[in-house]
Every structure is written in C-alpha cells, then in structure tokens.
Amino acid sequence: IEIWYFYSYIASISYRVYLKFMSVKINYKNNSSKTKLGNLIFFVDEKFSLSALKKNFTNQENKFIIDVLKSQNLSKKIISFDLSAKKKIFLICVKKNIKNSQIENLGAEFFNYLKDVKYKEFEINSDVIPLKLKNFVGYFLHGLKLKSYVFEKYKTKKNKSNVIINIIGKNIPSLKDQIKFRAIEDGTFYTRDLVSEPGNILHPDEYAKRLNSLRKHGLKVTVYDKKK
C-alpha cells in the first residue's frame with residue numbers, strides 16, 4: 001500500500017467510526033445563557049487581572065472572586081472555584097507571545113477538568129481574551145477535542161458522558177476554520193483507531209480494505225499483491 005502521504009492527508013479527511021471519546025459538543029451562540037448557571041470559562045492575563053470580567057458578575061460576586069484569588073497559587077495555568085452551588089468559574093491564564101501549539105496544549109490540559117465537574121455544560125466568553133490572538137478559541141477547542149480521544153471499541157462498558165461547550169462573543173473561528181479543525185480531528189481519530197487496533201483484527205488485508213474505503217474522499221490508494 002502506498003502510504004507516503006497517508007498521515008498528512010488522512011488528517012484532512014472528515015471521517016469517523018466507532019464511539020471513541022467523551023462526547024464534546026461545541027455550540028456557537030449569540031448570547032449568554034439567561035439562567036447564568038453552569039460552568040463559566042474566562043481567559044485572563046498572567047496576573048489574573050479581572051478588569052475585563054467585571055461586567056459579567058455582580059459587585060458581590062466580583063468581591064468574592066478577588067478574595068478567592070488572594071488565596072490561590074497564581075503560577076497555575078488554570079484556577080477553578082465554586083461561585084455558588086450551581087455555578088463554577090474557570091480562569092485560564094494566557095501568557096504573552098503564546099504560540100498556537102501552546103494554545104492547543106492549554107485546551108488539552110483543560111479537558112482534564114471536564115471529567116471531574118458535576119454539571120457537564122460550559123460557557124466560554126470569547127470576547128474576554130487578554131491578547132489579540134487570531135483563532136485563539138479555535139485552537140483551544142481543537143486541543144481539547146484531540147485530548148478527548150479514547151479507544152473503547154472493545155470495552156464492555158463505554159464512557160457515555162456528554163459535554164456541551166457553548167461559545168459566546170465575536171472572537172470565534174470562521175466556518176472555514178471550524179471545518180478545517182473538525183477534519184483534522186476526525187482524520188487524527190481515524191488514524192489513532194488504526195494504531196490502536198490489535199494485530200489479529202487489523203491484519204494486512206483488513207488494513208488495505210479500510211484504506212480502500214477512503215478512496216471516496218479522494219485519497220489515492222494502491223494495493224500490491226504478493227507478486228507485485
């Protein structure tokens with residue numbers, strides 16, 4: 001099988017099989033939830049400045065957040081605490097000159113918090129980003145989604161948790177970029193499936209069969225018989 005360009009090309013294919021991960025659904029919304037309940041995610045600078053966040057909370061809530069931060073280790077990338085019985089706050093530190101790969105890593109690190117939170121709906125305010133970074137939210141969510149991968153095809157009990165992340169504000173990825181990120185995620189997950197399959201299942205014939213199925217997406221596949 002000719003696979004010189006396989007990995008780089010497969011990453012661009014929107015192709016998904018099997019239940020692989022804690023389901024993460026991304027919604028882009030015009031307005032914040034009226035109930036203001038759930039888990040709120042905000043991006044802050046290295047000093048955890050709250051000046052851009054004040055309008056999102058009452059005066060009492062702002063005072064409470066300031067008091068909480070006084071007792072926190074501000075060297076952390078992510079700080080979380082309960083604002084009420086039904087509202088949790090996540091403050092994510094964005095360093096100066098942060099690179100796209102580091103933004104993805106930040107999203108991946110945040111995914112670890114999703115598993116331990118009772119309420120599985122989150123809201124990200126894309127307008128509250130301390131630096132003018134193009135596609136920041138897109139790369140952050142991309143890292144989060146890539147981190148969510150789990151190969152559970154042969155497990156008796158599969159993880160059926162569903163996480164909903166609502167994005168509000170104007171600093172969201174374009175439709176073109178959303179499609180690009182999703183295609184890379186699906187292609188990466190498909191490639192990881194191939195790596196994770198046991199050898200008695202994904203033998204050469206089965207491997208060739210699966211790659212042949214990708215011809216419909218435009219991938220050129222050449223299968224050699226024993227003589228060739």
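Predicted model: local features only at pLDDT ≥ 70, side-chain atom pairs only at ≥ 80, totals over all residues.
User: Okay, how many helices and strands does the protein chain have?
Analyst: The protein chain has six helices and six strands, where helices (H or I, at least four residues) and strands (E, at least two) are DSSP runs numbered from the N terminus. Read from the N terminus on, the elements run α-β-β-α-β-β-α-β-α-β-α-α.

User: And how much of the protein chain is buried?
Analyst: Of its 228 residues, 43% count as buried, and buried means under 20% relative accessible area, with exposed over 50% and partly exposed in between, for a 1.4 Å probe and protein chains only.

User: Tell me about helix 3; what does it reach from end to end?
Analyst: Helix 3 covers residues 100-114, which is 15 residues, and reaches 22 Å from its first C-alpha to its last, close to the 21 Å expected at 1.5 Å a residue; the expected span is 1.5 Å times one less than the number of residues.

User: Which residues of helix 3 are buried?
Analyst: The buried residues in helix 3 are I103, L106, G107, A108, F110, F111 and L114.

User: At what angle does helix 3 pack with helix 4?
Analyst: Helix 3 and helix 4 (residues 136-147) pack at about 50 degrees, with their axes 7 Å apart; axes are lines fitted to C-alpha atoms, for helices over the stretch in contact, and angles run from 0 to 180 degrees between N-to-C directions. The two helices are therefore oblique to each other, given that angles under 35 degrees count as roughly parallel, over 145 as roughly antiparallel, 65 to 115 as roughly perpendicular and the rest as oblique.

User: Which residues meet there?
Analyst: On the helix 3 side they include I103, F110 and F111, and on the helix 4 side they include F136, Y139 and L144, where contact means heavy atoms within 4.5 Å.

User: Now, how does helix 4 pack with helix 5?
Analyst: Helix 4 and helix 5 (residues 175-196) pack at an angle of about 20 degrees, with their axes 10 Å apart, and that makes helix 4 roughly parallel to helix 5. Among the residues that meet are Y139 and H142 in helix 4, and F181 and I184 in helix 5.

User: Switching topic, what is phi of F48, and where is the residue?
Analyst: Phi of F48 is near 55 degrees, a positive value in a residue other than glycine, and F48 sits in the loop between strand 2 (38-44) and helix 2 (59-70). F48 is buried, with a relative accessible area of 4%.

User: What about N135?
Analyst: Phi of N135 is near 65 degrees, again a positive value in a residue other than glycine. N135 lies in the loop between strand 5 (121-125) and helix 4, and at 14% relative accessibility N135 counts as buried.

User: Last one: what is N27 in contact with?
Analyst: N27 lies in strand 1 (residues 23-28) and, leaving aside neighbours within four places in sequence, is in contact with I164, I165, N166 and I167. The C-alpha atoms of N27 and I167 are separated by 6.0 Å, although the two residues are 140 residues apart along the chain.

Note on methods: Residues numbered from 1 in each chain as written. Heavy atoms only, no water.
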